[in-house]
Amino acid sequence: MLKQHNVPRHVAIIMDGNGRWAERQGEARAFGHHSGATRVREVVETAGEMGVKFLTLYAFSEENWRRPDEEVNALFALLISYLKEEVERLHENGVRLKSIGNIDRLPIDCQEWLKHVEIRTADNQGLTLVLALSYGARSDMVRACQSIAMDVQRGLIIPSQIDEALIQSRLSTSILPEPDLLIRTSGEQRLSNFLLWEMAYTEFHFTNVHWPDFSKDDFAAALAVYSERERRFGGLISP
Ligand code: IPE
Ligand code: IPE
Ligand code: MG
């Protein structure tokens, strides 16, 4: 595959449309999630090949706990089988796995598998793959505020020392650069509580393709569109 000019360093994806994709074919929603997992494998591979350094996948939002237990359980069972099946391949491909979100809320076996894969891949230097699980941007910001408030209370800092860098450093995404490109599949055009602070200057790409149909070519096409964008960050176009 050809390397694109102007490759985004950090791509974030809201993998949406699994349920509708399955229901459209008269199948259970879990079938859509299952097919979606195959796309995760492909996109991780393609992202690495194309020179993306960070890939953050929104796999389960804090609000997704509102779904029926059956669906939630199916999603976490799928996550465990993904981690089990992929750990060695990820490692061989130099991928480093990380997770963000309220991980303590996940089933214990899920937490253990995540930890296992994170430790196994910790020293890898290739793509950093970040799974957002039980993630909500607002609660991440609340936690950051609480941690800063504690430091103020202990007298470690004074309020005037609170700046953007300090807030950023207390978010669960502190180890990541800001996303350059956000992709959301399935035609929905909203953020659904994903990376609100971090996406202040992110480029958005919405596609009608449902996640289980999102191919390597669709990913490459999103990167091609991005490479033509002009990012100004509030400044002026350079001559
Ligand atoms: C995305 O697909 C996967 C998760 C949110 C876990 P959905 O399950 O949201 O599928 P739709 O949007 O209902 O089609
Ligand atoms: C966002 O999708 C969360 C994930 C893709 C994991 P949802 O399907 O949960 O979002 P809404 O409810 O349509 O906003
Ligand atoms: Mg959805």
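Which pocket takes in the space of ligand 2? In this predicted model, ligand 2 takes up space in the largest pocket. Ligand 1 also sits in the largest pocket.

The pocket itself comes first. About 710 Å³ of space lies within the largest pocket. Its lining is made up of 31 residues. Met-15, Asn-18, Tyr-58, Ala-59 and Phe-60 lie nearest the centre. Several elements contribute to this lining. Helices α1, α2 and α3 each supply at least two residues, and so do strands β2 and β4. Strand β4 spans residues 128-135. By class, the lining of the largest pocket divides into 15 nonpolar, 8 polar and 8 charged residues.

Ligand 2 is described next. The residues around ligand 2 include Ile-14, Met-15 and Asp-16. Tyr-58, Ala-59, Phe-60, Ser-61, Asn-64 and Arg-67 are also among them. Arg-184, Arg-190 and Ser-192 complete the list. Which element gives the most to this shell? Strand β2, covering residues 54-61, gives the most, with 4 residues. The shell around ligand 2 counts 5 nonpolar, 3 polar and 4 charged residues.

For Arg-190, a polar side-chain atom lies 2.8 Å from an oxygen atom of ligand 2. For Asp-16, the distance from a polar side-chain atom to an oxygen atom of ligand 2 is 3.2 Å. For Arg-184, an N or O atom of the side chain is 3.3 Å from an oxygen atom of ligand 2. Taken alone, ligand 2 exposes 390 Å². The protein buries 78% of that area.

Ligand 1 has a shell of 13 residues. Among these, Asp-16, Gly-19, Arg-20, Arg-29 and Arg-67 come nearest. Helices α1 (18-24), α2 (29-50) and α3 (69-92) each supply at least two residues of the shell. The largest share comes from α1, with 3 residues. By class, the shell around ligand 1 holds 3 nonpolar, 5 polar and 5 charged residues.

How far does a polar side-chain atom of Asp-16 lie from an oxygen atom of ligand 1? The distance is 2.8 Å. A polar side-chain atom of Arg-29 lies 2.9 Å from an oxygen atom of ligand 1. Taken alone, ligand 1 exposes 380 Å². Of that area, the protein buries 88%.

About 170 Å³ of space lies in the second largest pocket. This pocket is lined by 13 residues. Val-44, Glu-45, Gly-48, Asn-93 and Val-95 lie nearest its centre. Helices α2 and α3 are the elements that give two or more residues to this lining. Helix α2 gives the most, with 5 residues. The lining of the second largest pocket has 5 nonpolar, 3 polar and 5 charged residues.

Conventions. Residues numbered from 1 in each chain as written. Chains lettered and ligands numbered in written order. Predicted model: local features only at pLDDT ≥ 70, side-chain atom pairs only at ≥ 80, totals over all residues. Heavy atoms only, no water. Near = heavy atom within 4 Å. Polar contact = N/O pair within 3.5 Å; in protein donor to acceptor, adjacent residues only side chain to side chain. Areas by Shrake-Rupley, 256 points an atom, 1.4 Å probe, with all protein chains shown as cover. 1 Å grid on protein atoms, 1.4 Å probe; cavity = no way out; pocket = protein on both sides within 12 Å on 5 of 7 lines; lining within 4 Å. Sits in = over half its atoms within 2 Å of the grid points. Nonpolar A, V, L, I, M, F, W, Y, C, P; charged D, E, K, R; others polar. Points joined across faces, edges and corners; volume = space filled by probe spheres on them.
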